[in-house]
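Work through the exercises below with the sequence and coordinates open. Each one has a task and a stepwise solution.

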Amino acid sequence: MHLYVHVPFCQRRCSYCDFSIAVRKRIPVQEYVDVLLREAASLPEGDLQTVYFGGGTPSLLPPEAIAALLHELTLLRRTSHAAREVTLEANPEDVTPDAARAWASAGINRVSLGAQSFDDNVLKWMHRSHDAARIGAAVHALRGAGIENISLDLIFALPDDLRRDWERDLDLALALRPNHLSLYGLTVEPRTPLDRWISRGATHAPDDERYAEEYLFAHSRLMADGFFFYEVSNAARDGFRSQHNSAYWSGKPYLGLGPAAHSFDGTTRRWNLRAWEAYRRAVAEGRSAIESEERLTEEQRELERVYLALRTNEGLPITARYRPLPPLTAQGWVVVRDGRLKCTPEGWLRLDSLVSELTMQPETHP
Ligand code: SF4
């Protein structure tokens, strides 16, 4: 089983973010740990393969709270062995040598750092609370504590007026020798500060050309450095792909705890109440934290299977139903390898339309 734990707290909202977060100066640590464990008590028992603390900003929780959560979750689920991958999402400013050592002894063996950029002006524009120097210091502290499995998140396709140097950011990220990188194109979500800035003309929405250019550049730059893209937005060195996220992409069941967390049992997807207060009240009063659920039809499951297969480098097995369409191979958007259809980086840029073309083609029999 793969377990996701959502920690909803942040100290401020980043300019592009529309996640389910609760902005708090003081984190209600004990209250959070209590309700989370209360929710966890209702889940089925079973071994945990991976645990992922995501957010929000999980690194705002004191290390003792993370250690207590991991310990109690293991007891509650009566697991026979420790999870093999335990990830903590962290903001660079929270990573001190002491915190890193405490995380490592609590069982955290992978850290995903929200670096985003190495340009202080860009970080300010994003409302991030760290500067570029903190990213290197954080990586250093993690290594000093024995945590080698380090991933950096970077955002690309920023508005032109920021004059962000993407090549420089990639070089600085690679100079820190991470084993994993996640690259996300900036999207403008409704009701975010970024959305408001664009509406009043203070900046411009990122353009598609820049998105494609920077995405393809990152591919060649990272491949030249020994990384391989095992998913549309994720690149790793050998042996360092995220096992937790790979479970999502291969359609495996997972459990989610905390506000807005999703769970999937193979046929039904459930999600918890989004807002921290609503979630906290429901669990504290002994009610279910589930806001809603969706049972996937055969057709939805098939569509999802195709989409997930194509977003990874595993690709989609070629069958009578899914064949390499000449226009797609001729454009260089898909290739055939080991009896599977795999997206090229150019194909990943148009993943949605590729999936609809493939799923709409009539079935033929050889
Ligand atoms: S730290 Fe992450 S979750 Fe929190 S506001 Fe920023 S982007 Fe959103």
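Predicted model: local features only at pLDDT ≥ 70, side-chain atom pairs only at ≥ 80, totals over all residues.

**Exercise 1.** Determine how far apart the closest N and O atoms of Asp169 and Arg164 are, and classify both residues as buried or exposed.

Solution. 
- Step 1: The closest N and O atoms of Asp169 and Arg164 are 2.6 Å apart. The cut-off for a salt bridge is 4 Å, so the pair forms one.
- Step 2: Asp169 has a relative accessible area of 1%, and Arg164 has 8%.
- Step 3: Buried means under 20%, so Asp169 is buried and so is Arg164.

**Exercise 2.** Find which parts of the chain are tied together by the salt bridge between Arg241 and Glu314.

Solution. 
- Step 1: The N to O distance between the two side chains is 3.9 Å.
- Step 2: Arg241 lies in the loop between strand 10 (234-236) and helix 9 (243-249), while Glu314 lies in the loop between helix 11 (298-311) and strand 15 (316-317); the pair therefore ties together parts that are 73 residues apart in sequence.
- Step 3: Arg241, at 31% relative accessible area, is partly exposed, and Glu314, at 43%, is also partly exposed.

**Exercise 3.** State how many salt bridges the model has, and which residues are linked to Asp171 in a network.

Solution. 
- Step 1: The count comes to 18 salt bridges.
- Step 2: Asp171 is linked with Arg221, Asp225 and Arg237 in a network of salt bridges.

**Exercise 4.** Identify the residues of the negative surface patch that contains Glu209, and place Glu209 in the secondary structure.

Solution. 
- Step 1: The patch is formed by Glu209 together with Asp207, Asp208 and Glu213.
- Step 2: Glu209 belongs to helix 8, residues 208-224.
- Step 3: Glu209 has a relative accessible area of 62%; exposed means over 50%, so Glu209 is exposed.

**Exercise 5.** Locate Thr344 and list its contacts beyond four places in sequence.

Solution. 
- Step 1: Thr344 sits in the loop between strand 17 (340-343) and helix 13 (345-348).
- Step 2: With neighbours within four places set aside, Thr344 contacts Gly332, Trp333, Val334 and Val335.
- Step 3: The relative accessibility of Thr344 is 12%, which counts as buried.

Terms used:
Residues numbered from 1 in each chain as written. Heavy atoms only, no water. Patch = residues over 30% accessible without salt bridge, like charges linked within 9 Å, V, L, I, M, F, W, Y side chains within 5 Å. Areas by Shrake-Rupley, 256 points an atom, 1.4 Å probe, with all protein chains shown as cover. Lys, Arg positive; Asp, Glu negative; His and termini not counted. Charge placed at Lys NZ, Arg CZ, Asp CG, Glu CD. Helix = DSSP H or I, 4+ residues; strand = E, 2+ residues; numbered from the N terminus. Buried < 20%, exposed > 50% of the residue type's maximum accessible area, 1.4 Å probe, protein only. Contact = heavy atoms within 4.5 Å.
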